[in-house]
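Here is a short report on a protein model. Look over the sequence and the structure first.

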Amino acid sequence: GIPKWTNETFRIFEIDPTENMETVMTEGFNAYTPESRSIINEAVQRAIDYVKPYDLFLEIITKKGNHRWVHTTGKAYQEDGKTKRIGGLIQDITELKKAEKEREKLQSQLQQAQKMETIGTLAGGIAHDFNNILTTVLGYSELLSRRLPDGDPKRRMARDIYHAGERAVGLTRQLLTFSRKQVVEFKIEIGRAHV
């Protein structure tokens, strides 16, 4: 019936060790967040009633208002079939939780980066294949427009094909920029297209 805390427990909860123990116990219990409070309350009651040990990770808000995570374990000790006391340990795992959250954040960022790298590789492959097609389209449309007489309507169509191909080059550049590849420059010579 007499609660005892270690100096470390007082430090974790940021409670003055010179305070009355009844007040300390109330403040300690109230330090748990509502969700954690119901978990620890249920665990302690099970330990008292059924001698079931507990091993919990809980969140507290210290007397000074600091948020902390604690790992607490405990078990009941019986005499003559009745629980006489509960003993346990409590450990401040706030830094461990922060590191775990940071690791999860970095893992998420890594997965996102890997997805983007995969998409970039795919975009680069598409752009490369598209460049091969555009080389043919631009080359033949240029060659065709040069071979047709000035007044021939087919020459205008060939020039339209060429201009559409130039717009497609712009899209290819965007894909290559996205995939972090080098931008392709097209140079058209008579009868031949070069990348």
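The elements that each supply at least two residues of the largest pocket's lining are these.

| Element | Residues |
|---|---|
| Helix 1 | 7-13 |
| Helix 2 | 21-31 |
| Helix 3 | 34-50 |
| Strand 2 | 67-79 |
| Strand 3 | 82-92 |

Helices (H or I, at least four residues) and strands (E, at least two) are DSSP runs, numbered from the N terminus. This is a predicted model: local features need pLDDT of at least 70, side-chain atom pairs count only at pLDDT 80 or more, and totals for chains, interfaces and linings use all residues. Residues are numbered from 1 along each chain as its sequence is written, and side-chain values use heavy atoms, without hydrogens and water.

Strand 3 gives the most to the lining, with eight residues. In total, 27 residues line the largest pocket. K4, W5, M25, Y54 and I86 lie nearest its centre. The pocket's volume is about 1000 Å³.

N30 sits in helix 2. From N30 to A164 the distance is 71 Å, C-alpha to C-alpha, across 134 residues of sequence.

Helix 5 covers residues 153-178. Its 26 residues should span 38 Å at 1.5 Å a residue, the expected span being 1.5 Å times one less than the number of residues. The end C-alpha atoms are 38 Å apart, which agrees. D152 caps the N-terminal end of helix 5, with a side-chain oxygen 2.9 Å from the backbone nitrogen of K154. The buried residues of helix 5 (under 20% relative accessible area) include A158, Y162 and G165.

Key: Buried means under 20% relative accessible area, exposed over 50%, partly exposed in between (1.4 Å probe, protein chains only). A polar contact is a pair of N or O atoms within 3.5 Å; within protein, one must be able to donate a hydrogen and the other to accept it, and residues adjacent in sequence count only if both atoms are side-chain atoms. On a 1 Å grid over the protein atoms alone, a cavity is a set of points where a 1.4 Å probe fits but cannot get out, and a pocket is an open set with protein on both sides within 12 Å along at least five of seven lines; lining residues have an atom within 4 Å of a point. Grid points are joined across faces, edges and corners, and a volume is the space filled by probe spheres set on the points.
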